[in-house]
Amino acid sequence: MSDVLLSATGISKHFGGVQAVDNVSIAVERGSIHAMIGPNGAGKTTFFNTLSGFFLPDSGTVRFEDVDITREANWRRIARGLSRTFQTPSIFPDLSVYQNLLIGTQAKRGVAFRLSLPRGKERDEIEARIEELLGFVGLGAVRRRTVSELSHGMQRLVEIAMSLSTEPKLVLLDEPMAGLAEAETDRVVGVIRDLHDRLGLTVLFVEHNMRVVLGLAQRITVLDRGRLLAEGSPGEIAADDAVRDAYLGKEIIENV
Amino acid sequence: MTSGRRAGILAGVAVLVVLAFGPWIGGFLNIDTSFLSEVLLTAIAALGVNLLLGYTGLPIFGNAALFGLGAYGAGLAIKDFHAGFAVALLVGVAAAFVGALIIAPFLLRRRNIYFGLLSLAFGQVFYFIAYRYSDVTGGEDGMAFTRPALNLGPIRGTVTETMMYYITYGLFVLAIVSFWLIVRSPFGQTLVAIKQNELRVRYLGLNTDRFILVGILIAALYGGLGGALYGLLLRFAFPLLLDWHQSGDFVLMTMLGGAGTIFGPLVGAIIFVIGKDIISTITPAWEIFLGAFFIACVLGFPKGILGSIGDAIARRRAPAEPNETAP
């Protein structure tokens with residue numbers, strides 16, 4: 001029980017007459033890579049948004065490290081150690097890669113509100129931390145480049161590094177491979193694996209690419225039309241008839 | 001990058017040095033010293049607009065309320081409480097600060113055009129208070145008062161037009177330097193990030209409302225200081241100072257000079273205050289020509305004069321830095 005980092009119980013959310021998420025629960029174990037899959041419109045992103053506080057669920061409870069955060073402001077959740085990326089990279093397009101990483105690094109050190117530049121040891125620590133983040137995602141060579149000039153895949157890596165600048169325990173990745181070329185996909189997959197293997201972080205990600213999901217995830221939750229369809233190990237999910245019928249069959253044909 | 005920054009600082013210092021000879025240069029060009037004071041105090045007030053509009057991306061359309069509160073605050077302190085010059089100035093700044101404290105909680109709930117319209121509506125509320133509450137403000141006729149003597153330790157005496165210029169100049173230097181320090185600080189960098197993508201700033205764990213609140217309060221200090229200086233320059237405060245036309249002037253000059261640049265508001269204020277005066281002596285239909293000039297500027301300098309010049313310099317520099325990406 002204590003090794004559950006994030007749990008959501010009975011989450012429901014509707015928009016007008018559409019029940020986008022209907023009574024979905026999930027338990028993400030600390031130190032795991034957990035994937036969430038499902039056809040378009042299955043409610044994956046909506047569910048993600050209730051976890052990260054993008055909006056509030058109509059009902060249900062979200063708990064992080066056994067604390068109820070269901071109604072907590074999104075920026076407070078970040079301070080607890082929950083961070084996220086978005087389907088379209090949410091970055092500061094006109095700022096350099098370095099500056100993109102600077103904002104969150106300063107925020108984490110509690111200096112973001114200051115009217116004077118950090119000096120001495122404090123500044124060195126911030127710079128060292130940014131270098132570490134740049135090295136982790138392999139973007140050291142483009143640190144001065146404006147982010148909007150970079151490829152979509154590099155922007156994705158910048159966003160992942162930004163989410164790491166908050167020093168999270170759990171990283172939520174919403175379709176991290178969306179819109180990426182094959183080579184970029186491999187690079188991002190490598191980075192996600194490193195989040196887990198090298199940094200020991202817990203990862204929950206939404207993904208369509210089944211090759212990626214089956215290669216990365218230790219546990220998979222399947223949504224269909226807003227409901228929880230199945231949950232289990234990759235092997236169990238691949239063998240699940242209901243999942244095959246709803247989703248997996250045609251995806252496997254398409255992608256593998 | 002650093003050489004560009006150094007050149008920028010040098011240019012800024014050069015401008016400040018030239019301005020120190022303002023009355024002397026004005027004598028050559030046949031420009032009244034009081035007119036130059038007006039340029040500088042207008043630029044101070046526009047810095048506040050620049051912080052919100054240019055750096056944070058918040059269209060503060062009702063900003064003249066802060067300017068007007070500065071003028072009325074200084075005037076009322078003199079008229080009703082016989083305040084000295086420095087105290088009147090401080091009361092003007094405090095009045096704008098309190099005004100911002102009242103409206104900021106409402107503005108914080110809005111963004112983009114809704115922020116702009118709500119700030120405009122609040123600005124008009126203050127305008128109508130000045131207009132209607134005539135027992136205190138003099139209503140439509142405005143409120144005349146004297147310019148009190150300065151009594152600051154060794155600096156004392158009546159404030160002549162030249163002295164008024166140097167007080168305004170000194171405060172302008174203070175305003176520009178403080179503005180520069182603010183926008184390069186972590187706080188200022190975060191405001192720029194909010195302009196770029198507020199959602200991401202929140203998802204970096206920061207309560208953006210807090211940053212915007214402080215941004216509004218700082219803008220009020222600049223607006224109130226400019227307004228208090230204007231009241232002391234004219235020895236007069238009147239409701240149109242708070243009106244939305246006046247707000248529009250501040251927004252226009254900020255954008256014209258270069259929103260998001262440190263000296264943009266000064267360039268805008270020079271063009272605006274002096275341009276208005278020159279054209280209006282030639283033709284009564286001066287607004288048509290000013291309008292045409294603005295259209296030409298917007299087409300020619302989409303990021304404002306300084307912003308577009310800065311871009312052009314950056315473009316010319318870019319090919320000359322092949323090893324930019326080297327560690």
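**Exercise 1: Two domains in one chain**

Determine how far apart the centres of domain 1 and domain 2 of chain A lie, and describe the contact between these domains.

Solution. In this predicted model, the centres of domain 1 of chain A and domain 2 of chain A, taken over C-alpha atoms, are separated by 26 Å. The assignment places residues 1-81 + 168-256 of chain A in domain 1 and residues 89-167 in domain 2. Next, consider the contact: twelve residues of domain 1 of chain A meet twelve residues of domain 2 of chain A. On the domain 1 side, helix 6 (residues 182-197) of chain A contributes the largest share, five residues. By class, that side has eight nonpolar, one polar and three charged residues.

**Exercise 2: The side of chain A that touches chain B**

Identify which helix of chain A gives the most to the side that touches chain B.

Solution. Begin with the totals: 33 residues of chain A are in contact with 23 residues of chain B. At least two residues of the chain A side come from each of helix 2 (74-80), strand 6 (82-85), helix 3 (97-108) and helix 5 (152-165) of chain A. Helix 3 of chain A gives the most, with six residues. The chain A side comprises 18 nonpolar, nine polar and six charged residues.

**Exercise 3: Helix 8 of chain B**

Solution. The buried residues of helix 8 of chain B include M164(B), I167(B), F172(B) and F179(B).

Technical notes:
Residues are numbered from 1 along each chain as its sequence is written. Chains are lettered from A and ligands numbered from 1 in the order in which they are written. This is a predicted model: local features need pLDDT of at least 70, side-chain atom pairs count only at pLDDT 80 or more; totals for chains, interfaces and linings use all residues. Domain bounds come from an automatic or database domain assignment. Two residues are in contact if their C-beta atoms, placed from the backbone, lie within 7 Å. Helices (H or I, at least four residues) and strands (E, at least two) are DSSP runs, numbered from the N terminus. Ala, Val, Leu, Ile, Met, Phe, Trp, Tyr, Cys and Pro count as nonpolar, Asp, Glu, Lys and Arg as charged, and the others, Gly among them, as polar. A residue is buried if 20 or more other C-beta atoms lie within 10 Å of its own, exposed if 12 or fewer, and partly exposed in between; C-beta atoms are placed from the backbone.
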